[in-house]
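Visitor: I would like to learn how to read a protein structure, one feature at a time. Could you take me through this one?

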Amino acid sequence: MDWLNNFTGWQLALMGTAFTWAMTAAGAALVFIYKKVSSNAFSFMMSSAAGIMLASTFFSLLMPAMEMAEDMPWLILSCGFVLGGVLIIVTDIIINKLHMFSGSTQKRSCAVMCIAVTMHNIPEGMAVGVAFGALASGQTVEAVAAVMLAVGIGIQNFPEGMCVAFPLRANGFSRTKSFLVGQLSGAVEIVAGVIGALAVTVVNGILPWALSFSAGAMLAVVCSELIPESFAQGKIKATIGVLAGFALMMILDLAFG
(Lines give C-alpha, C1' and ligand atoms only; values in the text may rest on other atoms or scores of the structure.)
Protein backbone atom coordinates (compact mmCIF):
# COMPACT_ATOMS: atom_id res chain seq x y z
CA MET A 1 0.00 0.00 0.00
CA ASP A 2 2.95 2.31 -0.56
CA TRP A 3 1.00 4.12 -3.30
CA LEU A 4 -1.09 5.74 -0.57
CA ASN A 5 1.95 7.85 0.32
CA ASN A 6 1.46 9.77 -2.93
CA PHE A 7 -1.67 11.47 -1.54
CA THR A 8 -2.24 14.04 1.16
CA GLY A 9 -4.33 13.29 4.23
CA TRP A 10 -7.46 15.05 3.01
CA GLN A 11 -7.23 13.30 -0.37
CA LEU A 12 -6.98 9.90 1.32
CA ALA A 13 -9.88 10.81 3.58
CA LEU A 14 -11.89 11.88 0.54
CA MET A 15 -11.29 8.53 -1.14
CA GLY A 16 -11.96 6.55 2.02
CA THR A 17 -15.21 8.31 2.85
CA ALA A 18 -16.28 8.23 -0.80
CA PHE A 19 -16.11 4.44 -0.45
CA THR A 20 -18.16 4.45 2.76
CA TRP A 21 -20.75 6.69 1.09
CA ALA A 22 -20.81 4.41 -1.97
CA MET A 23 -21.57 1.46 0.29
CA THR A 24 -24.47 3.40 1.79
CA ALA A 25 -25.75 4.14 -1.71
CA ALA A 26 -25.34 0.48 -2.69
CA GLY A 27 -27.45 -0.62 0.25
CA ALA A 28 -30.12 1.94 -0.53
CA ALA A 29 -30.09 0.90 -4.22
CA LEU A 30 -31.43 -2.53 -3.29
CA VAL A 31 -34.81 -0.85 -2.94
CA PHE A 32 -35.00 -0.97 -6.74
CA ILE A 33 -34.61 -4.77 -6.70
CA TYR A 34 -36.09 -6.21 -3.52
CA LYS A 35 -39.10 -5.48 -1.37
CA LYS A 36 -37.27 -6.62 1.76
CA VAL A 37 -33.93 -8.14 2.83
CA SER A 38 -33.42 -11.49 4.58
CA SER A 39 -33.12 -11.06 8.35
CA ASN A 40 -30.23 -13.55 8.39
CA ALA A 41 -28.24 -11.56 5.83
CA PHE A 42 -29.01 -8.31 7.62
CA SER A 43 -27.93 -9.73 10.99
CA PHE A 44 -24.63 -11.09 9.68
CA MET A 45 -23.74 -7.83 7.92
CA MET A 46 -24.42 -5.81 11.04
CA SER A 47 -22.59 -8.18 13.40
CA SER A 48 -19.52 -8.59 11.17
CA ALA A 49 -19.32 -4.81 10.79
CA ALA A 50 -19.51 -4.56 14.58
CA GLY A 51 -16.58 -6.95 14.92
CA ILE A 52 -14.48 -5.05 12.39
CA MET A 53 -15.24 -1.73 14.06
CA LEU A 54 -14.49 -3.09 17.53
CA ALA A 55 -11.08 -4.27 16.36
CA SER A 56 -10.53 -0.98 14.52
CA THR A 57 -11.31 0.93 17.70
CA PHE A 58 -8.35 -0.74 19.39
CA PHE A 59 -5.83 -1.44 16.62
CA SER A 60 -6.46 1.62 14.43
CA LEU A 61 -7.31 4.29 16.98
CA LEU A 62 -6.49 3.64 20.65
CA MET A 63 -3.11 1.94 20.16
CA PRO A 64 -1.73 4.70 17.90
CA ALA A 65 -3.17 7.33 20.24
CA MET A 66 -1.38 5.72 23.19
CA GLU A 67 1.93 5.73 21.31
CA MET A 68 1.53 9.38 20.29
CA ALA A 69 0.54 10.75 23.70
CA GLU A 70 3.80 11.71 25.39
CA ASP A 71 2.44 13.26 28.60
CA MET A 72 -0.25 11.57 30.70
CA PRO A 73 -1.54 9.24 27.97
CA TRP A 74 -4.04 7.73 30.39
CA LEU A 75 -5.71 11.12 30.84
CA ILE A 76 -5.72 12.05 27.16
CA LEU A 77 -7.09 8.71 26.01
CA SER A 78 -9.70 8.54 28.75
CA CYS A 79 -10.98 12.06 28.19
CA GLY A 80 -11.04 11.75 24.41
CA PHE A 81 -12.70 8.33 24.59
CA VAL A 82 -15.41 9.50 26.98
CA LEU A 83 -16.11 12.66 24.96
CA GLY A 84 -16.54 10.58 21.82
CA GLY A 85 -19.03 8.33 23.57
CA VAL A 86 -20.88 11.31 24.99
CA LEU A 87 -21.33 12.68 21.46
CA ILE A 88 -23.28 9.56 20.49
CA ILE A 89 -25.30 9.59 23.72
CA VAL A 90 -26.29 13.23 23.16
CA THR A 91 -27.13 12.39 19.56
CA ASP A 92 -29.44 9.59 20.70
CA ILE A 93 -31.14 11.91 23.19
CA ILE A 94 -31.77 14.47 20.44
CA ILE A 95 -33.13 11.78 18.13
CA ASN A 96 -35.48 10.47 20.81
CA LYS A 97 -36.94 13.94 21.21
CA LEU A 98 -37.97 13.96 17.55
CA HIS A 99 -41.33 12.48 18.56
CA MET A 100 -42.30 16.06 19.40
CA PHE A 101 -42.11 16.99 15.73
CA SER A 102 -45.46 17.70 14.12
CA GLY A 103 -46.50 16.56 10.68
CA SER A 104 -47.58 13.42 8.92
CA THR A 105 -46.37 9.99 9.92
CA GLN A 106 -44.38 9.63 6.72
CA LYS A 107 -42.57 12.94 7.18
CA ARG A 108 -41.81 12.21 10.82
CA SER A 109 -40.55 8.73 9.95
CA CYS A 110 -38.34 10.15 7.23
CA ALA A 111 -36.88 12.78 9.60
CA VAL A 112 -36.20 10.29 12.38
CA MET A 113 -34.44 7.71 10.22
CA CYS A 114 -32.49 10.19 8.13
CA ILE A 115 -31.27 12.28 11.06
CA ALA A 116 -30.43 9.20 13.13
CA VAL A 117 -28.23 7.67 10.46
CA THR A 118 -26.74 11.01 9.44
CA MET A 119 -25.81 11.99 12.99
CA HIS A 120 -24.16 8.63 13.61
CA ASN A 121 -22.25 8.92 10.34
CA ILE A 122 -20.50 12.12 11.43
CA PRO A 123 -18.13 10.51 13.98
CA GLU A 124 -17.65 7.54 11.67
CA GLY A 125 -16.50 9.85 8.87
CA MET A 126 -14.27 11.68 11.34
CA ALA A 127 -12.72 8.36 12.39
CA VAL A 128 -11.77 7.57 8.80
CA GLY A 129 -10.45 11.09 8.23
CA VAL A 130 -8.41 11.08 11.42
CA ALA A 131 -6.88 7.70 10.58
CA PHE A 132 -5.86 8.77 7.06
CA GLY A 133 -4.73 12.17 8.30
CA ALA A 134 -2.48 10.50 10.85
CA LEU A 135 -1.15 8.18 8.16
CA ALA A 136 -0.28 11.10 5.86
CA SER A 137 1.37 12.92 8.79
CA GLY A 138 3.83 10.04 9.21
CA GLN A 139 2.40 8.93 12.53
CA THR A 140 2.15 5.34 13.79
CA VAL A 141 -1.14 4.55 12.10
CA GLU A 142 -0.53 1.79 9.54
CA ALA A 143 -1.97 1.98 6.03
CA VAL A 144 -3.75 -1.35 6.34
CA ALA A 145 -5.35 -0.24 9.61
CA ALA A 146 -6.70 2.97 8.08
CA VAL A 147 -7.98 1.13 5.02
CA MET A 148 -9.63 -1.61 7.06
CA LEU A 149 -11.28 1.01 9.25
CA ALA A 150 -12.87 2.48 6.12
CA VAL A 151 -13.82 -1.01 4.96
CA GLY A 152 -15.44 -1.83 8.30
CA ILE A 153 -17.46 1.37 8.33
CA GLY A 154 -18.38 0.80 4.69
CA ILE A 155 -19.69 -2.68 5.47
CA GLN A 156 -21.76 -1.22 8.27
CA ASN A 157 -23.07 1.51 5.96
CA PHE A 158 -24.45 -1.04 3.48
CA PRO A 159 -27.25 -2.21 5.80
CA GLU A 160 -27.66 1.36 7.05
CA GLY A 161 -28.61 2.41 3.54
CA MET A 162 -31.19 -0.37 3.53
CA CYS A 163 -32.40 0.64 7.00
CA VAL A 164 -33.37 4.04 5.66
CA ALA A 165 -34.55 3.17 2.14
CA PHE A 166 -36.70 0.09 2.80
CA PRO A 167 -38.86 1.53 5.61
CA LEU A 168 -39.42 4.67 3.54
CA ARG A 169 -40.53 2.53 0.63
CA ALA A 170 -42.86 0.59 2.94
CA ASN A 171 -44.35 3.89 4.16
CA GLY A 172 -45.34 4.96 0.66
CA PHE A 173 -42.30 6.75 -0.72
CA SER A 174 -41.32 6.02 -4.31
CA ARG A 175 -38.28 3.85 -5.00
CA THR A 176 -36.36 6.86 -6.30
CA LYS A 177 -37.10 9.04 -3.28
CA SER A 178 -36.31 6.17 -0.90
CA PHE A 179 -32.96 5.65 -2.60
CA LEU A 180 -32.08 9.35 -2.64
CA VAL A 181 -32.77 9.78 1.07
CA GLY A 182 -30.95 6.55 1.90
CA GLN A 183 -27.76 7.40 0.03
CA LEU A 184 -27.79 11.04 1.13
CA SER A 185 -27.52 9.96 4.77
CA GLY A 186 -24.00 8.70 4.08
CA ALA A 187 -22.76 11.80 2.23
CA VAL A 188 -22.05 13.59 5.51
CA GLU A 189 -19.17 11.18 6.12
CA ILE A 190 -17.24 12.74 3.23
CA VAL A 191 -17.39 16.22 4.80
CA ALA A 192 -16.61 14.93 8.30
CA GLY A 193 -13.72 12.81 7.00
CA VAL A 194 -12.04 15.66 5.13
CA ILE A 195 -12.42 17.98 8.13
CA GLY A 196 -10.92 15.34 10.44
CA ALA A 197 -7.98 14.73 8.12
CA LEU A 198 -7.24 18.44 7.70
CA ALA A 199 -7.41 19.00 11.45
CA VAL A 200 -4.89 16.30 12.36
CA THR A 201 -2.62 17.22 9.41
CA VAL A 202 -2.39 20.86 10.45
CA VAL A 203 -2.20 20.30 14.21
CA ASN A 204 -0.36 17.09 15.05
CA GLY A 205 -0.80 17.70 18.77
CA ILE A 206 -4.49 16.89 18.57
CA LEU A 207 -3.90 13.44 17.10
CA PRO A 208 -4.12 11.49 20.37
CA TRP A 209 -7.26 13.39 21.32
CA ALA A 210 -8.84 12.97 17.89
CA LEU A 211 -8.04 9.26 17.65
CA SER A 212 -9.34 8.45 21.13
CA PHE A 213 -12.41 10.64 20.54
CA SER A 214 -13.19 8.72 17.36
CA ALA A 215 -12.64 5.44 19.21
CA GLY A 216 -15.18 6.38 21.88
CA ALA A 217 -17.70 7.48 19.29
CA MET A 218 -17.28 4.30 17.27
CA LEU A 219 -17.58 2.03 20.29
CA ALA A 220 -20.74 3.84 21.33
CA VAL A 221 -22.21 3.36 17.84
CA VAL A 222 -21.35 -0.34 17.93
CA CYS A 223 -22.92 -0.83 21.36
CA SER A 224 -26.02 1.26 20.77
CA GLU A 225 -26.78 0.42 17.16
CA LEU A 226 -25.01 -2.55 15.60
CA ILE A 227 -24.94 -5.12 18.41
CA PRO A 228 -28.58 -4.69 19.50
CA GLU A 229 -29.79 -4.81 15.89
CA SER A 230 -27.76 -7.91 15.00
CA PHE A 231 -28.36 -9.86 18.22
CA ALA A 232 -32.10 -9.31 17.98
CA GLN A 233 -32.07 -11.77 15.07
CA GLY A 234 -30.28 -14.53 17.01
CA LYS A 235 -27.34 -14.72 19.41
CA ILE A 236 -25.40 -17.49 17.70
CA LYS A 237 -25.44 -15.93 14.22
CA ALA A 238 -24.57 -12.52 15.58
CA THR A 239 -21.77 -13.85 17.78
CA ILE A 240 -20.22 -15.64 14.81
CA GLY A 241 -20.41 -12.44 12.79
CA VAL A 242 -18.74 -10.35 15.51
CA LEU A 243 -15.95 -12.90 15.99
CA ALA A 244 -15.40 -13.21 12.23
CA GLY A 245 -15.25 -9.44 11.74
CA PHE A 246 -12.92 -8.90 14.69
CA ALA A 247 -10.64 -11.77 13.65
CA LEU A 248 -10.47 -10.49 10.07
CA MET A 249 -9.42 -7.02 11.19
CA MET A 250 -6.92 -8.38 13.72
CA ILE A 251 -5.30 -10.77 11.23
CA LEU A 252 -4.96 -8.10 8.55
CA ASP A 253 -3.57 -5.57 10.99
CA LEU A 254 -1.02 -7.92 12.56
CA ALA A 255 -0.01 -9.59 9.30
CA PHE A 256 0.25 -6.52 7.07
CA GLY A 257 0.40 -3.60 9.49
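Predicted model: local features only at pLDDT ≥ 70, side-chain atom pairs only at ≥ 80, totals over all residues.

Visitor: How many helices and how many strands does the chain have?

Guide: The chain has 8 helices and 0 strands, and from the N terminus on its elements run α-α-α-α-α-α-α-α.

Visitor: Is Ala25 buried or exposed?

Guide: The general idea is a set of cut-offs: buried means under 20% relative accessible area, exposed over 50%, and partly exposed in between (1.4 Å probe, protein chains only). Ala25 has a relative accessible area of 11%, so this residue is buried. Thr24, also found in helix α1, is buried with a relative accessible area of 0%. Other buried residues of α1 include Gly9, Leu12, Ala13 and Gly16, and in the chain as a whole, buried residues make up 48% of the 257 residues.

Visitor: What span should helix α1 have?

Guide: The expected span of a helix is 1.5 Å times one less than its number of residues. Helix α1 (residues 9–29) has 21 residues and should therefore span 30 Å, which agrees with its end C-alpha atoms being 30 Å apart.

Visitor: At what angle do α1 and helix α6 pack?

Guide: Two packed helices are described by the angle between their axes and the distance between the axes. Axes are lines fitted to C-alpha atoms, for helices over the stretch in contact, and angles run from 0 to 180 degrees between N-to-C directions. Here α1 and helix α6 (residues 175–202) pack at an angle of about 165 degrees, with their axes 8 Å apart. That makes α1 roughly antiparallel to α6, given that angles under 35 degrees count as roughly parallel, over 145 as roughly antiparallel, 65 to 115 as roughly perpendicular and the rest as oblique.

Visitor: Is the crossing of α1 and α6 left-handed or right-handed?

Guide: A crossing is left-handed if the near helix is turned anticlockwise from the far one by less than a right angle, and right-handed if clockwise. The crossing of α1 and α6 is right-handed. By class, their contact has 14 nonpolar, 10 polar and 1 charged residues, where Ala, Val, Leu, Ile, Met, Phe, Trp, Tyr, Cys and Pro count as nonpolar, Asp, Glu, Lys and Arg as charged, and the others, Gly among them, as polar.

Visitor: How do α2 and α7 pack, and which residue classes are in their contact?

Guide: Helix α2 (residues 39–68) and helix α7 (residues 207–231) pack at an angle of about 160 degrees, with their axes 9 Å apart, and they are therefore roughly antiparallel to each other. Their crossing is left-handed, and the contact of α2 with α7 has 20 nonpolar, 8 polar and 2 charged residues.

Visitor: Is Leu254 buried or exposed?

Guide: Leu254 lies in helix α8 (residues 235–256) and is exposed, with a relative accessible area of 61%.

Visitor: How many disulfides does a search of the whole structure find?

Guide: A disulfide is a pair of cysteine sulfur atoms within 2.5 Å, and the search finds 0 disulfides in the whole structure. Cys79 counts as partly exposed at 31% relative accessibility, and Cys223 counts as partly exposed at 45%.

Key: Residues numbered from 1 in each chain as written. Heavy atoms only, no water. Helix = DSSP H or I, 4+ residues; strand = E, 2+ residues; numbered from the N terminus.
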